[in-house]
Amino acid sequence: MTANRDIYIVLTGTGTAFSGLIKWFTKAELNHASIAFDSELREVYSFGRKKMYNPFVAGLIHENFIDPFYSSANCAIYQLRVSNTEYETMYNHVQGMMQHQERYKYHLLGLIGVLLNIKIDREDAYFCSHFVASLFEEITFRPVDKPSCFVTPEDFASSLCAHKIYSGKLSYYMRRTQRTAYITQGMKTGSAASTASLGSRMLRATEERAEGIV
C-alpha cells in the first residue's frame with residue numbers, strides 16, 4: 001500500500017503597502033501564496049521579499065512565520081494529500097532550487113501578464129502563486145485548472161475550499177501548533193513537570209479555541 005503525506009498551501013495577507021497594491025489589482029484579501037511541507041509551518045517556501053521591510057529585494061525564500069512581520073497577518077491554510085513519492089519529488093525540487101537560491105528572481109512582469117492574460121516568460125523567475133502551482137506540475141497534478149504562470153492566490157482559494165483546515169490570524173495558528181507540539185513532546189518524555197502543567201496549557205488552548213478555527 002502506498003504511503004501518503006500531507007502538504008499545505010498557505011495564503012496570507014500582511015497589510016503592507018505592496019500587499020495593498022496587489023490587492024487593488026486582484027480584489028483578494030489574501031494575496032500571497034506559499035507551500036509548506038509540515039503542519040507546523042516550519043518548512044515553508046515561496047517567492048517574496050528577502051528583507052522583511054524592503055519589497056524591492058525579492059526572490060526564492062524560506063519563510064519564517066514566527067517573525068514579528070507576520071504578527072497581524074491573516075491566513076487560510078489548505079491541506080492536500082499526496083503520495084510519499086510525490087511529496088519527495090516536490091520537496092527535493094524545492095531543496096534543489098534553494099541550493100541555487102540567488103539564481104531565482106521575483107517575476108513582477110509575470111504579475112502584469114496575469115492581469116493582461118499574456119504569458120511573459122523570464123528564465124528562473126516566478127511570483128508566489130506561479131511558484132506554488134509550478135511545483136504541482138512536477139507531479140503532473142494541478143489544484144487549479146490553468147497553467148501555473150496564470151495562477152493567482154485567489155485561484156487556490158476557489159479551487160481548494162473543501163480542503164481548508166484553518167482561517168484566521170497566522171500568529172494564532174503558529175502559537176496553537178507550537179503549544180500542541182510542546183504538549184505532545186512532554187507526554188512522550190513522561191516528564192512530571194510537563195504532565196503537571198498539561199491541564200493549564202489545555203485550559204489556555206480551550207479559551208482561545210474559538211478564534212480563527214474553521
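**Labels and their cut-offs**

Mentor: Start with H4: Cys 128, Ser 129, His 130, Phe 131, Val 132, Ala 133, Ser 134, Leu 135 and Phe 136 are buried there. One caution: this is a predicted model, in which local features need pLDDT of at least 70 and side-chain atom pairs count only at pLDDT 80 or more, while totals for chains, interfaces and linings use all residues. Numbering runs from 1 along each chain as its sequence is written, and side-chain values use heavy atoms, with hydrogens and water left out.

Trainee: What makes H4 mostly covered?
Mentor: Nine of the 10 residues in H4 (128–137) are buried. Helices here are DSSP runs of H or I with at least four residues, strands are E runs of at least two, and both are numbered from the N terminus.

Trainee: Why does Ser 148 count as buried?
Mentor: Buried means under 20% relative accessible area, exposed over 50%, and partly exposed in between (1.4 Å probe, protein chains only). Ser 148 has 8% relative accessibility, so Ser 148 counts as buried. Ser 148 is in the loop between H4 and H5. Leaving aside residues up to four places away in sequence, Ser 148 touches His 130, Ala 133, Ser 134 and Glu 137, where contact means heavy atoms within 4.5 Å.

Trainee: What makes something a nonpolar core?
Mentor: A nonpolar core is a set of buried Ala, Val, Leu, Ile, Met, Phe, Trp, Tyr and Cys residues joined through side-chain atoms within 4.5 Å. The largest one here has 35 residues, and Ile 7, Ile 9, Ile 35, Phe 131, Phe 136 and Phe 156 touch the most other members. H4 gives the largest share of this core, six residues. Ile 7 touches residues including Ile 35, Tyr 78, Met 90 and Phe 136, not counting residues up to four places away in sequence.

Trainee: How do you know how many disulfides there are?
Mentor: A disulfide is a pair of cysteine sulfur atoms within 2.5 Å, and a search of the whole structure finds zero.

Trainee: Why are Cys 75 and Cys 149 called buried?
Mentor: Cys 75 has a relative accessible area of 2%, so Cys 75 is buried. Cys 149 has 14%, so Cys 149 is buried too.

Trainee: And for the whole protein, what share counts as buried?
Mentor: Of its 214 residues, 44% count as buried. The secondary structure comes to seven helices and eight strands.
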